[in-house]
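Here is a short note for a colleague who is opening this entry for the first time. Please keep the sequence and the structure in view while reading.

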Amino acid sequence: MTSGTTARARATAVSALLASSLLLVPLAGTAAAQPARVSPAVSAPRADGFDATALERALAEVPDGDVSAALIRVGGKGSWSGSAGVRDLRTGAPALQNARFRAGSTTKVVTAAVVLQLVAEKRVDLDAPVSRYLPDLLPPSFTEPPTVRHLLTYTSGLRPGASLGSTTEEMYAHRFETLTPEEVVAASVAQGPAHTPGERQVYGNIHYTVLGMLIEAVTGDSYEHQAAVRVFRPLGMRHTGFPGGPDPRIHGPHNRAYADIDGRTTDVTEWNMSDRWAAGDMISTTADLERLVFGLFGGKVVPRSLLDQMLTVPDIDGATYGMALQRFVIDGREVWGKTGSRPGYHTVLGATRDLSRTVVYSVNAKSARDDAFPLVQRFALPAFASRP
């Protein structure tokens with residue numbers, strides 16, 4: 001058993017105590033909506049810069065029936081930041097600009113970076129089968145084991161693992177329960193492969209859950225500590241980390257999150273997300289995620305030769321992801337980005353390869369786990385659109 005597995009076992013023992021001390025109830029009533037508090041500002045964009053007017057307009061509409069708070073940071077050649085909304089629907093207190101939030105699947109960017117550092121150190125081979133590092137992972141039904149590269153590019157052929165529900169409503173009843181990464185992966189591999197590795201690209205958490213286990217096996221350390229010493233600390237991400245195992249709380253300043261549960265607006269801030277682990281359990285801030293974007297694309301996290309591979313989409317029909325990050329073309333620009341969605345929280349980070357434009361946002365929205373495009377269109381795309 002790795003030190004990371006041991007730590008998770010100890011943390012699970014206190015889960016029941018934490019659950020009993022946190023009682024979440026639907027909001028019977030909320031404070032009257034307060035005027036949006038918008039704090040745009042910094043330097044004016046260049047003439048060919050982003051559409052700041054559209055971002056200001058988006059923030060001016062917050063809070064609304066879906067979004068209760070929004071925090072946006074735009075960087076590169078010209079910068080801008082803004083926040084709007086409320087910290088808590090009960091009190092109507094203004095949203096915190098420095099709020100911590102559940103960053104969801106943007107965690108995968110950190111996981112990929114740690115693996116690529118191990119590749120640079122020649123402790124991991126991108127094209128070696130995962131069974132070299134996790135010899136007991138796959139049953140005989142996997143006649144062709146996926147490689148580390150397959151896991152990083154979502155082409156491993158692994159099926160989704162165990163979960164506590166597929167919808168926010170289903171998961172809500174189990175929000176204080178613990179499902180370990182080992183249980184998630186065991187349920188996946190027991191089903192056998194969905195397809196031959198490298199044949200199709202199918203986005204999913206399972207690839208990065210296995211990569212978290214690989215990191216622990218190779219380093220003999222916990223995934224959380226490796227992420228801290230290899231990424232967070234070097235980049236000055238002082239407000240980014242992981243909950244203590246099944247701890248459902250967000251420690252430090254944060255804006256409350258909400259979802260519709262059985263037709264009622266319900267506070268979903270406290271939630272044990274440990275089953276998402278290396279695929280989606282990170283807590284961060286917009287300033288810290290901006291540091292991650294600049295550090296990664298600036299070659300300060302992984303060597304540029306490996307960054308080139310990270311930003312290469314496999315030659316597979318329909319593929320859009322490299323390693324962790326997805327490729328988009330927006331207003332003629334190539335943009336690499338990642339979304340993250342947890343109940344009540346939606347996060348985006350994105351950048352052009354040359355860092356001429358970056359965007360990071362955190363939105364507290366009841367629709368956070370629905371189709372993400374309306375939120376992305378509203379709060380992110382204007383950062384890459386030419387100003388009228």
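This is a predicted model: local features need pLDDT of at least 70, side-chain atom pairs count only at pLDDT 80 or more; totals for chains, interfaces and linings use all residues.

1. Residues are numbered from 1 along each chain as its sequence is written, and side-chain values use heavy atoms, with hydrogens and water left out.

2. The protein chain holds 13 helices and ten strands, taken as DSSP runs numbered from the N terminus (helices H or I, at least four residues; strands E, at least two). Of its 388 residues, 57% are buried, meaning under 20% relative accessible area with a 1.4 Å probe, protein chains only.

3. Helix α4, residues 107–120, reaches 20 Å from its first C-alpha to its last, close to the 20 Å expected at 1.5 Å a residue. In α4, 13 of the 14 residues are buried, and just after this helix K122 takes a positive phi of about 60 degrees.

4. Helices α7 (residues 181–189) and α8 (residues 206–219) have axes that come within 10 Å and cross at roughly 125 degrees, the axes being lines fitted to C-alpha atoms over the stretch in contact, with angles from 0 to 180 degrees between N-to-C directions. The two helices are therefore oblique to each other, a term for angles left over once those under 35 degrees (roughly parallel), over 145 (roughly antiparallel) and 65 to 115 (roughly perpendicular) are set aside.

5. Where α7 meets α8, P181, E182, V184, V185 and S188 face I206, T209, V210 and M213 in contact, that is, with heavy atoms within 4.5 Å.

Terms used:
The expected span of a helix is 1.5 Å times one less than its number of residues. Buried means under 20% relative accessible area, exposed over 50%, partly exposed in between (1.4 Å probe, protein chains only).
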